[in-house]
Amino acid sequence: MNSYSDILNNELIINSLKAAVKNGRVNHAYIFDGEKGIGKTSLAKAFAKTLNCEKGGEEACGECTSCRTFDDGNNPDIFYIENEKGIKVDDVRLKINSQIMTRPYTNRFKIFIIKDADMMNVQAQNAFLKTLEEPPEFVKFLLLSTNFNRFLVTILSRCVLFKLRPLSQPQLCALLIKKGFTPYEADTAAHYSNGVVGRALELHGSEEFENLSRFALDLCVRMKSLDLIDMYKETDALKDKKDQFDTLLQLMYYIFRDALVYKVTSDPDRLIHSAHLSEIQKICADFSQRRLTKACDAIEYARRRRAANGNFQFTAEELFYSIKEK
Ligand SMILES: [Zn+2]
């Protein structure tokens, strides 16, 4: 529990945290950056637990009073700072700045784990900066962020930044199977979550995802007979749901990719949607190999545009036009 062994595919980061502890060169502030669900909190917890472990080793012992109270969530020197609406200047003043002058109760360090730290507005960041400039030696800050570019340069320059990597497909698949997913579910969830564990777990059994999957498959199956206006109308409901449209693009990509794979190999075992073979066969019959390739490229391009915050309407129109274009 709360140990480095929970975190996969980020050995470089773990090794450098261990080395910092071993050499007595732990910085006073770290940023763990990466997508939601990638494991930032797990990493921060494992590190925080290690820093306060009474044995003082490279890894937490899991047995001392500090480790045990950490695992129970009762360690008096660990502070979780979060605010769903974004951490405000008052949060910084009350929950951080006013807390740092008193010494830890029982541990070596007072550790602040700050969630969505990059969502602090400028005022909050500036208030935090004052503390970060000259913190007492017994205070450590672990900042979690999804986009470190939102930090003021003055904050970045005082922190050690680590960017977490997602898991590889086989790693995530194996992990999901261990958690009780069937191989098909694990494979699908691993593909759609891009190696982000938290997202894969969230997708599993989610009604929203099930509905969207059915919608995507149905849309692709009917695509040949729909005209551009129909297609646009069908997806119009998603225009205000950025996450859903992005997931739809991802779903469509894997559906067309499956159709292409089936066209070339005729092997159902190679498909992500092997449970929907008849639908994949229909799409295969509707589109030539060249047009399936083109569709995959067009969807990939649309995903990149969306990642750069491209406008929904232009992206959708351009995508459907590219897929339909002879
Ligand atoms: Zn310990």
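Colleague: Why is Phe-112 called buried?

Modeller: This is a predicted model, and in it Phe-112 has a relative accessible area of 0%; buried means under 20%, so Phe-112 is buried.

Colleague: What makes the pair of Phe-112 and Phe-141 tilted?

Modeller: The ring centres of Phe-112 and Phe-141 lie 5.4 Å apart, which is within the 6.5 Å required of a pair. Their planes stand at 35°, and since stacked needs under 30 degrees and edge-to-face over 60, the pair is tilted. Phe-112 belongs to strand 3 (residues 110-114) and Phe-141 to strand 4 (residues 139-145), so the pair ties together parts that are 29 residues apart in sequence.

Colleague: How many aromatic pairs does the structure hold, and why is the pair of Tyr-30 and Phe-32 called stacked?

Modeller: The structure holds 14 aromatic pairs. For Tyr-30 and Phe-32 the ring centres are 6.4 Å apart, with the planes at 25°; the distance is within 6.5 Å and the angle is under 30 degrees, so this pair is stacked. Tyr-30 and Phe-32 also form one aromatic cluster together with Phe-47 and Phe-162.

Colleague: How do you know whether Tyr-30 is buried or exposed?

Modeller: Tyr-30 has 4% relative accessibility, and because the limit for buried is under 20%, Tyr-30 counts as buried.

Colleague: What makes the arrangement around the zinc ion tetrahedral?

Modeller: The zinc ion is coordinated, at 2.3 Å, by the SG atoms of Cys-53, Cys-61, Cys-64 and Cys-67. These 4 donor atoms subtend angles of 101 to 119°, and four donors count as tetrahedral if all angles lie between 85 and 135 degrees, so the arrangement is tetrahedral. Along the sequence, the spacing of the donor residues is C-x7-C-x2-C-x2-C.

Colleague: Why is Cys-61 called partly exposed, and what is Cys-67 called?

Modeller: Cys-61 has a relative accessible area of 25%, a value between the 20% limit for buried and the 50% limit for exposed, so Cys-61 is partly exposed. Cys-67, in contrast, has 0% relative accessibility and therefore counts as buried.

Colleague: What makes the phi of Asn-9 worth a remark?

Modeller: Most residues other than glycine have a negative phi. Asn-9 is not a glycine, and yet it has a positive phi of about 65°. Asn-9 lies in the segment before helix 1 (11-22), and with a relative accessible area of 14%, which is under 20%, Asn-9 is buried.

Colleague: Where does Asp-116 lie, and how do you know whether it is buried or partly exposed?

Modeller: Asp-116 lies in the loop between strand 3 and helix 5 (122-133), and its phi is also positive, near 45°, in a residue other than glycine. Its relative accessible area of 43% falls between 20% and 50%, so Asp-116 is partly exposed.

Colleague: Which residues lie nearest the centre of the second largest pocket?

Modeller: They are Tyr-184, Thr-188, Phe-209, Glu-210 and Ser-213, out of 18 lining residues. Two or more lining residues come from each of helix 8 (183-192), helix 10 (207-222) and helix 12 (242-265). The lining divides into 8 nonpolar, 6 polar and 4 charged residues, and the pocket contains about 400 Å³ of space.

Conventions
Residues numbered from 1 in each chain as written. Predicted model: local features only at pLDDT ≥ 70, side-chain atom pairs only at ≥ 80, totals over all residues. Heavy atoms only, no water. Donors = N, O, S within 2.8 Å, 3.2 Å for Na, K, Ca; no water. Tetrahedral: all angles 85-135°; square planar, octahedral: opposite > 155°, others 65-115°. Buried < 20%, exposed > 50% of the residue type's maximum accessible area, 1.4 Å probe, protein only. 1 Å grid on protein atoms, 1.4 Å probe; cavity = no way out; pocket = protein on both sides within 12 Å on 5 of 7 lines; lining within 4 Å. Points joined across faces, edges and corners; volume = space filled by probe spheres on them. Helix = DSSP H or I, 4+ residues; strand = E, 2+ residues; numbered from the N terminus. Nonpolar A, V, L, I, M, F, W, Y, C, P; charged D, E, K, R; others polar. Phe/Tyr/Trp six-rings, centres within 6.5 Å; stacked < 30°, edge-to-face > 60°.
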